[in-house]
Each structure stands twice: as C-alpha cells, then as structure tokens.
Amino acid sequence: MLWIAVCDDAAIECSGMAKKIRDILEEMRVACVIRQFYSGRELTRSPDNFDIIFLDIIMDDMDGMRAAQIVREKAFDKILIFMSASREYVFDAYEVEAFWYLIKPVDEKKLKRVLQRAVLKIQSRLQEFIIVSRERQKRKLFLDDIYYFEIKGRLIDVHGPEGIFTYYEQIGVLERNLAGKGFFRCHKSYLINLKYVDVYNRQEVTLDNGERIVIAKRRYEEFCREILKYMRENGGIL
C-alpha cells in the first residue's frame, strides 16, 4: 500500500492531480491512499508517513520548496515530485533531492512514466539488501540505509544512520555484490552510495550527512560518469 500526498493551494488542481494519480495507479494495480493538502504547512503537520509527495512550488502560507526542506529534515527516503508552471525552480529542486520536476499542465503520459519509475524505486528499495556475517551471526543490511563502506584490510565498516557496523569481508566480494546497485568505489578505501552525494569536486565528495570522502585522482572521471548516470536514472525534468 502506497501512501501519497498531493499538496497544491489551488483546490481544483489538487483534486484533479489526486484523481489522475489514483487512476494511473489503479491501472497499474498498485493499492494506494492519497491525501490532499492545500498548503505546505498543512502537509508538514500531517502525522501520516507518505512514500511519495507531489508538491506545488508557489503557494501561500508556506511554499513547496520550504515544505520539502522540512520533509527532508525529517526523512531522506521520501520521493518528492515538484509541480510548477515555471522551470525557474529546477535547480532549487536539486537542493532537496527532488525525484522529478513536472511542468504544469502535467501531461498524463509523463505523469504515468514518473509514477512507474517512483513505484519501481520504492519496490527496489524494499527488496535490496545484503547478508553479512559477524561472530557466527547473520545480519541483513538494507542498501538504501548505507551511506558508505570503509575498507580497512579485511575489515569493512558500514556507515549508516544508526552508526557503524563492522564485519569481515573481501573487498572484491563486496564490489561484486554491489555491482549495478548505485555504489561507486571512489577510493581504494571507500565505496559510497551515490544516493547520498550532495556536492563533489576533484578532491572529495560531500555526503548529505556532511561527511567528506576523498576521491582518487584516477577515479574522478569515472565517478563523474557514474553520478550523472545515477541522476538520469533516478530523477530529472519532464
């Protein structure tokens, strides 16, 4: 069951978008609950835990960009999709890691493609994990919750929101297990989750949590290709 929020201070547009979303998801046979909000403040005060949030940008009381910032402060895993008649705020949308930026009036075919991608992202997030061993015990690590892996010989430190988990593994095995799953080895000692990359230059990557990870000179060009590929596959503008 997907929980979806649609936030637009124009009640008719809000209702119309909610109906389009519901019709598309019914066609996809995806169960959903859709809540409508008429201001960013109303959305941020909701106790509901939404998977996907559609946000108009220009609204009275609290605009969509500020609402998105508050949502991001509470959780990184929400899929934010902006709706606007203007392309003016496209780069602002990247600051809050928007999944997509839809231009009004929203074309239904484009909306369907974006919803399909969002649903696939949520489903893959729920499914992808690795099993690691430590002290004769097995542990499941969800890839979406991992900021980066730090390699210390045969020891692997897994950095995530709950702290650091250490286990024994060969880096070659780890890299094979993570192939095609959004991770990149930017240095011999680090495998980073591209999802959490905030800014970068030739020397280092800064993650969303503020941590800085060094980039090896010989890996920089490949990193640029991989981060752009990741961005194209996980967000964009229609």
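**View 1. Strands β8 and β12 side by side.** In this predicted model, strand β8 (residues 148-152) and strand β12 (residues 190-193) pair in the antiparallel sense over three bridges. Pairing here asks for at least two DSSP bridges between two strands, and strands (E, at least two residues) and helices (H or I, at least four) are DSSP runs numbered from the N terminus. Look for E150, whose bridge partner in β12 is Y190.

**View 2. Helix α6 on its sheet.** Helix α6 (residues 171-178) packs on the sheet and touches β8, β9 (155-160), β10, β11 and β12, contact being heavy atoms within 4.5 Å. The helix direction makes about 20° with that of β12; axes are lines fitted to C-alpha atoms, for helices over the stretch in contact, and angles run from 0 to 180 degrees between N-to-C directions.

**View 3. The open sheet of five strands.** The order is β10-β9-β8-β12-β11, with antiparallel pairing. At the edges, β10 (163-168) and β11 (183-187) each pair on one side only.

**Notes.** Residues are numbered from 1 along each chain as its sequence is written. Local features need pLDDT of at least 70, side-chain atom pairs count only at pLDDT 80 or more, totals for chains, interfaces and linings use all residues, and side-chain values use heavy atoms, leaving out hydrogens and water.
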